[in-house]
Amino acid sequence: MTENDRLLLNAYIDGELDPAHVLELERRLAEDRALANERARIEALRGAMRERLPRETASPALRRRVAALARPQPFAVNWRGGWASMAASVVAAFAAGSIATLVAIGPGGREPVAELLVASHMRALMASQPVEVTSSDRHTVKPWFNGKLPESPRVVDLTAQGFPLVGGRIDVIGLTPVPTLVYRARLHVISLTALPLSSRASASPHAIEGYNIVEWTDGPLAYWAVSDLAVPELENFAKAFRAGEAVP
Amino acid sequence: MDRGDNRTRFANVVIPHLDDAYGLARWVTGNRADAEDVVQEACLRAFRGIDGFSGGNGRAWVLTIVRNTAYDWLRKNRSATVIHVDDLEAIERMQLADDAAAGDNPEAALIARADEAKLEAAIASLPALFRETLVLRDVQGLDYREIATITGVPIGTVMSRLARARRRVIETLGVEK
């Protein structure tokens, strides 16, 4: 049984396999005893989990505390909107990619830097805000990284070029915490991450799950810009960032 | 959108998924008291960010926030237990034992009989990213696309983690003790 057989078998049991693969797998299940045995074990596990694991329910006390959030509060909770369309585009990208991904199963498991960066970008878009420090002032953003990371990143003001600064956050790529600056281009969000050059991937893909990636190096650092912005615009952003004057 | 609307949206979007939120937090943190703290914090984040919910799959949206909150909580309170991607890759590279044994299938019967405590222990011993994938699929019944959205990885990675998680639990439970 190959690794790919296992993935197909699991997807089959979960009803996630496309019809062409279903027929092929059912034919093989009839002939291959080891595959059929593995199927029986997975089904047994699913059945046991379904029947024996208790259904977790939130306690009445927790329910009350959460429900209190939905009642009128004496203090003002203020949040500016605008992330809705971006979160929607994340979901749409998955919807579009799902079938193709199921058919084209790779060896799996390996996650190159570009994928991790795209994942961080997507997670950030889905979080309540895409930054941990919100400021359009580079003199606020740069010091925020001090004390959290050995070196704070180069921060450039690109408002005049149409890319206002939104803020910054720290992403963890592999085991390395790295600084990410978040810029905006109209309604699009750009995550710009500075990585030590050693963690640079050999291949440089230009799109993953609908997100474009533009990469360049500057001294000891590799810069990766991730966004759903079109490639020419993202390259303009990269050019402007390289040419910009950084905070001393 | 004014705050009254936000409260109504929160009540409609978040509160129906409170049990799922708590269930996921319980499996990620490993205990009930911590899960309550995580869910409360996650609900606060969800309330503040309710404008960011664009309609559609409310459960996936809520569980994404719960998951992120749970990992933030783990990083802050138990940094040693969070599995980093590098560790996970090392685990994923491990050769899975291939049981070519055709014929009888005694493990399936053993697994089918596993009691709650054994199941709990086997699932709890999985690396965090395998455990969450298995729980989202087989306890909470989410599909691959929803799990990919919640965990922020491609569907291929969801498939790989799920297959490995199940295999490891099967190996743990399928041995007579």
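1. Helix 8 (residues 128-139) of chain B is mostly covered, with eleven of its twelve residues buried. Buried means that 20 or more other C-beta atoms lie within 10 Å of the residue's own; 12 or fewer is exposed, anything in between is partly exposed, and C-beta atoms are placed from the backbone. Helices (H or I, at least four residues) and strands (E, at least two) are DSSP runs, numbered from the N terminus. The buried set of helix 8 of chain B includes Leu129(B), Phe130(B), Leu134(B), Val135(B) and Leu136(B). Charged side chains are on the list too, among them Arg131(B), Glu132(B), Arg137(B) and Asp138(B). After helix 8 of chain B comes Gly141(B), with a positive phi near 70°.

2. A word on the model and its numbering. This is a predicted model, in which local features need pLDDT of at least 70 and side-chain atom pairs count only at pLDDT 80 or more, while totals for chains, interfaces and linings use all residues. Residues are numbered from 1 along each chain as its sequence is written, and chains are lettered from A and ligands numbered from 1 in the order in which they are written.

3. Confidence comes next. The predictor assigns the complex an ipTM of 0.85 and a pTM of 0.55. Chain B has an average pLDDT (the predictor's confidence in each residue, from 0 to 100) of 84, and 82% of its residues score at least 70. Residues 95-102 of chain B fall below 50; beyond near neighbours in sequence, that stretch has seven contacts in the model. Two residues are in contact if their C-beta atoms, placed from the backbone, lie within 7 Å.

4. Chain A has a mean pLDDT of 78, with 80% of its residues at 70 or more.

5. Which secondary structure does chain B contain? Chain B has ten helices and zero strands. Of its 177 residues, 52% are buried. Among its contacts between residues at least 6 apart in sequence, 72% join residues at least 24 apart.

6. Chain A contains eight helices and seven strands. Buried residues are 38% of its 248. For contacts in chain A with a separation of 6 or more, 60% come from residues 24 or more positions apart.

7. Now the helix pairs. Two packed helices are described by the angle between their axes and the distance between the axes. Axes are lines fitted to C-alpha atoms, for helices over the stretch in contact, and angles run from 0 to 180 degrees between N-to-C directions. Angles under 35 degrees count as roughly parallel, over 145 as roughly antiparallel, 65 to 115 as roughly perpendicular and the rest as oblique.

8. Helix 2 (residues 18-29) and helix 3 (residues 32-48) of chain B have axes that come within 8 Å and cross at roughly 125°. The two helices of chain B are therefore oblique to each other. Helix 2 of chain B contributes Ala21(B), Tyr22(B), Ala25(B), Arg26(B) and Thr29(B) to the contact, and residues of helix 3 of chain B there include Val38(B), Val39(B) and Ala42(B). The contact residues comprise seven nonpolar, one polar and three charged. Here Ala, Val, Leu, Ile, Met, Phe, Trp, Tyr, Cys and Pro count as nonpolar, Asp, Glu, Lys and Arg as charged, and the others, Gly among them, as polar.

9. Helix 9 (residues 144-151) and helix 10 (residues 155-173) of chain B pack at about 100°, with axes 9 Å apart. That makes them roughly perpendicular. Ile155(B), Val158(B) and Met159(B) of helix 10 of chain B meet residues of helix 9 of chain B that include Tyr144(B), Ile147(B) and Ala148(B).

10. In chain A, helix 1 and helix 2 (residues 19-31) pack at about 110°, with axes 10 Å apart. This pair is roughly perpendicular as well. Leu8(A), Leu9(A) and Tyr12(A) of helix 1 of chain A contact His21(A), Val22(A) and Leu25(A) of helix 2 of chain A. Five of these residues are nonpolar, one is polar and none is charged.

11. Leu7(A) lies in helix 1 (residues 3-13) of chain A. Leu7(A) counts as buried because it has 22 C-beta neighbours inside 10 Å.
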